[in-house]
Protein chains: 2
Amino acid sequence: MSVIALDDFFTELAGVSSRAILPFFRMAMSVGHKEGKGAFDPVTEGDKAGEVAIRRLIKDRFPSHGIKGEEFGEENITAEYTWLIDPIDGTRAFICGLPTWGTLVGLLRNGKPVYGMMNQPFVGEFFVGDGKTAHLMSAQGKRRLSTSRRALLGEAYIATTNPKLITGSEGDRYNRLENQCKLARYGTDCYAYSLLAAGHIDIVVETGLQDYDIAPLIPIIEGAGGVVTTWGGTSAAKGGAVVAAANGALHAQALKILGG
Amino acid sequence: MSVIALDDFFTELAGVSSRAILPFFRMAMSVGHKEGKGAFDPVTEGDKAGEVAIRRLIKDRFPSHGIKGEEFGEENITAEYTWLIDPIDGTRAFICGLPTWGTLVGLLRNGKPVYGMMNQPFVGEFFVGDGKTAHLMSAQGKRRLSTSRRALLGEAYIATTNPKLITGSEGDRYNRLENQCKLARYGTDCYAYSLLAAGHIDIVVETGLQDYDIAPLIPIIEGAGGVVTTWGGTSAAKGGAVVAAANGALHAQALKILGG
C-alpha cells in the first residue's frame, strides 16, 4: 500500500461514512426520543449505518485485513493490517445536535497505528495523519498541521470531554493538572485531539478510552508533532487513561502530575 | 419597524459580523499566544472588530437607538429601543478552535427582548427569533424551530458551559438537577440555547451571565416554545443565574430544584 493510495482511500471512507451518518444527525426531535424495545434511536442507527458503510469499503478493497468496530465487533484481527472504527465518537454531542462529534477510522500494522482519520461532515472538516505528517481538508483547502510550541503548563489550554468521568485518585491528579493550566475546555471528544494537532489546544486528558476511541487519532497527533501516551507513559494504542500534548516538554510536565 | 425589515437587518448584521470576526478564528497558532503589553490577542481583536462592524450598521440605520456591547460599553441606553451585542459568546471555544461560539445581537424595547440572533459563521448556522417564532438558516435552507416535548427530568438532556463555574449552594442545586436528567453536556455556550430552540437540548442552566449573554437568545427560545427565566422565576433579560427549558412542565420541575 502506498501512502498516496491510502490518502485517496481515507477520502473515500470519509465520503461513504458521511453519507451514511449525516441523515441521522439532528433527527432526534422529529422522532420524539421514544424509549423501550423497538424504539428508533438516531445515534445508534447512525453508528450502525456508518460502520456498515466503512466495513463494506474496507472488505471490498482489502479483503485480507482485520476489522474491529464499536458496533459490529472483531473480524480477523490477527492479520498484519487491522482497521479500527468508531463511526460516531462523541455520542452525547451527536444526541444534543452539537457539531463536535467525529467519525474515526485507523489503520494498524502489527498493532501499531500507522494511519488515521477524524471526519466531521456537518462542519466539513477532515483530519488525516500518517505519523509523519498530518493534514486538515476543508472548504478552505488542504493545510498541513503542526502542534503548538507552548511549553509551559501555565500557558497551556487543556481539554477533556467530562471532568466528572475522571474519578478517585485519577480525578485528583487531573484536577491538579487542570489547575496549573491557563484554560480548560470541556465537551470536546475527538475534536480536542484534532485541534491539538492543529495547534489550538495543548493538552488533552481522558480515561476509560477504547482502542477505537484513540488509535485512529495517534497518527494525526504524532504526524503534527504531538506526543500521546497512557498516563503511565506507554503506548496509547489500546486506550485506557490517555494524555496527549503538543510537544515533549509539555507532555513530560503533564505525565509527572498524572503518573502519580 | 416592521418584522420583515428586521429580518433583513439581522441578516445584514450576521453578514458584517461574520466578515469581521472569522479572519481571527484559529489564528491563535500562527501568532504564538504572546502575552503582555501590546501583544496580539486574536479573540480580543475578533471581539472588537465584530462589535465595531455591528455598531456601525446599527447607528447608520437606527441613529436614535441605544447600544450596549461587551467591548465598547453603553450609548444612549435610555432610548425606547436598545441593542445588546456580544460579538463572540464562547471565548474559550473560540480560543481552542472549536466552532461552538456565536455572535449574539438582541433588540430590546423598553427593556424587554423583542428580537434576537445567534450566528455561527464557521459552521454556517444563523438562528433568529422574535418571541413568537424562531428560525434556523443554513446551507440546508430556512427551518422553523420548535422545542422538544420531553416533559420529564428523567428523559431530559441538560447543558451548561462549565459546571465548575456554578459554586456553593447554587452548585449543589445544579448538581441535584443534573443528576435527575438523562444526560449532561458541557462546553456549550450560546449553542446550547439555540439547540434548545431547535428541539435537541431540553434544559440549559448557567450563572453569572451578563445581559448581552442571554437577552439576544430569549426571543429565539420563546419563539420556539421554550421558557427562560432566572433561577428565581423572574425575567432573564438582565442576566444572572438563568434556566431555560423546552416547555413549561420541564421549567417548573427545574425551577423547583434550582429555586431552593
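Which strands of chain B does helix α3 (residues 42-61) lie across? A few notes on this predicted model.

1. Helix α3 of chain B lies across β1 (66-69), β2, β3 and β4, and runs at about 155° to β3(B). Helices (H or I, at least four residues) and strands (E, at least two) are DSSP runs numbered from the N terminus. Axes are lines fitted to C-alpha atoms, for helices over the stretch in contact (heavy atoms within 4.5 Å), and angles run from 0 to 180 degrees between N-to-C directions.

2. The sheet itself is open, with eight strands of chain B in the order β2-β1-β3-β4-β5-β6-β7-β8 and mixed pairing. β2 (73-75) and β8 (141-144) of chain B each have a single partner strand, so one side of each lacks a neighbour in the sheet. Pairing here takes at least two DSSP bridges between two strands.

3. β3 (residues 81-89) and β4 (residues 102-109) of chain B are antiparallel over seven bridges, and B:Leu84 has B:Gly106 as its bridge partner in β4(B).

4. Now for β7 (residues 134-138) of chain B: four of its five residues are buried, so the rest of the structure largely encloses this strand. Buried means under 20% relative accessible area (1.4 Å probe, protein chains only). Antiparallel pairing over four bridges links β7(B) to β6(B), and B:Gly131 in their hairpin has a positive phi near 85°.

5. Housekeeping: residues are numbered from 1 along each chain as its sequence is written, and chains are lettered from A in the order in which they are written. Local features need pLDDT of at least 70, and side-chain values use heavy atoms, with hydrogens and water left out.

Methods
Predicted model: local features only at pLDDT ≥ 70, side-chain atom pairs only at ≥ 80, totals over all residues. Buried < 20%, exposed > 50% of the residue type's maximum accessible area, 1.4 Å probe, protein only.
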